[in-house]
Amino acid sequence: MNWIDNFVRPKIRSILNPKRDTPENLWVKDPESGEMVFYRDLEANQWVVPNSGYHMKIKPADRLATFLDDGKYDLVPVPSVPVDPLKFRDQKRYTDRLRESRAKTGYDDSVIVATGKLYERAVTVGIQDFDFMGGSLGMAAGQGIITGLETALRLKTPFVLFVASGGARMQEGVLSLMQMPRTTVAVLRLREAGLPFFVVLTNPTTGGVTASYAMIGDVHLAEPGALIGFAGQRVIEQTIREKLPKGFQRSEYLYSHGMVDMVVHRHNLRSTIGSLAAILTKAPPNEAITASATRAITAQASMRDAAVAAEGDDDIDPPAAAAHAE
C-alpha cells in the first residue's frame, strides 16, 4: 500500500498535471521599499529600481555593456598569482571557496579589467565584482588593479575603476594587506604620467579598499545611497560609545562632508566621466557628451515630476498588495 501511495499516485499526478517550467527569480524585491519589480524592467533600467531609485548591484558584463560605446570591450588578461599560499581553512577550504566563486561568476577573481571606448576615446576600465567573495582584496584582486593601471599607462588612457568590496581577504592574511601599498604605488605611477584616475564608489565599499586605491583617485564619484567606509557603523558606535548621525557612511553624507566629489546616478555616469575625462586630458569638445547628459537630466526630471504627480493624485488606485512584500 505504501508503494502505491508513495510512488504510483504521485507518478500519475505528474503525468496528468505536468509542472510548468517557470523561470525562477522573475521578480526582485526592492530592499528600500519592499516593492517587487520585474527583473526585465530592472535589467532595462541598468538595475536601478524605477520608483525608488535604489541602485542594486550590477554584474560586470552589464556594467561594461552600458558604460562603453556600443557595449564593445576587450578583456585584459590578469597574470596568475599563487593560490592559497597559507593553506587556509575555516568552515571550508579556501580553494573550495575560490572554486565556488569562479563557477558562480565565471571570472578567475574579483577584479575584471577591460579596454574600450568612451565617446570614441580610448579608456581602460576596472570592475570589482562583489559576487566574488564579497569583492575582497587578495593577491589576485590586487594584481588585477595593478594590471588595469599598467594597461592605462601603456595605452596612455584614463583609468576608470568601479569599486565594490567588503575589504581585505582574510584567507590570505598579511599577503592581502600588502596589496594596499602595491596598488598605491601603481596609482602614483599613473599620476606621474599625467593620466586621470576616476574612482566610482558603489555599494558597498569598505575595509582596506578605502584605505588604499579607492580613496586616492583624481576624482571620486559615488552612486546614490552607497555604503562607504572603513570600519562598520556598529563597531564605531561601540568604540566611541556614541550614536552616529543618520545616513552616516552613505555617499550623500560623505559628499556633504567633502570626502566624495560627486554623487552621480548610474544613468549619468557615462556622460559625467566622459566629460571629466575630456577636460582632464584636454581633448577637443564632443557634442555627443553634452547631448547625452542633457537627455539623462531631462529623463530624470520627467520621472521625478511623474512621481510627484502620482503622489498627489487621489484617483490613482494604490498598487496591489501582491506586488509588495509585507
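Helices H5 and H7 are roughly parallel to each other, a class that covers angles under 35 degrees, with over 145 counted as roughly antiparallel, 65 to 115 as roughly perpendicular and the rest as oblique. The model is predicted, with local features requiring pLDDT of at least 70 and side-chain atom pairs pLDDT 80 or more, while totals for chains, interfaces and linings use all residues. Residues are numbered from 1 along each chain as its sequence is written, and side-chain values use heavy atoms, without hydrogens and water.

Two helix pairs are set out below. Axes are lines fitted to C-alpha atoms, for helices over the stretch in contact, and angles run from 0 to 180 degrees between N-to-C directions. Helices (H or I, at least four residues) and strands (E, at least two) are DSSP runs numbered from the N terminus.

| Helix pair | Angle | Axis separation |
|---|---|---|
| H5 and H7 (residues 179–192) | about 5° | 9 Å |
| H3 (residues 60–67) and H10 (residues 269–280) | about 60° | 9 Å |

The contact of H5 with H7 divides into 9 nonpolar, 4 polar and 3 charged residues.

H5 also lies across S4, S5 and strand S6 (159–165), running at about 25° to S4. The open sheet has 7 strands in the order S3-S4-S5-S6-S7-S8-S9, with mixed pairing, where two strands pair if DSSP finds at least two bridges between them. Its edge strands are S3 (73–75) and S9 (262–263). S4 and S5 (residues 121–128) pair in the antiparallel sense over 8 bridges, and Ile-112 has Ile-127 of S5 as its bridge partner.

The second largest pocket has a volume of about 420 Å³. A pocket is an open set of points on a 1 Å grid over the protein atoms alone, where a 1.4 Å probe fits, with protein on both sides within 12 Å along at least five of seven lines; lining residues have an atom within 4 Å of a point. Of its 25 lining residues, Val-78, Pro-79, Asp-108, Asp-109 and Ala-140 are the closest to the centre. Helix H4 (94–105), strand S4 (111–118) and helix H5 (139–155) each give two or more residues to the lining.

Note on methods: Grid points are joined across faces, edges and corners, and a volume is the space filled by probe spheres set on the points. Contact means heavy atoms within 4.5 Å. Ala, Val, Leu, Ile, Met, Phe, Trp, Tyr, Cys and Pro count as nonpolar, Asp, Glu, Lys and Arg as charged, and the others, Gly among them, as polar.
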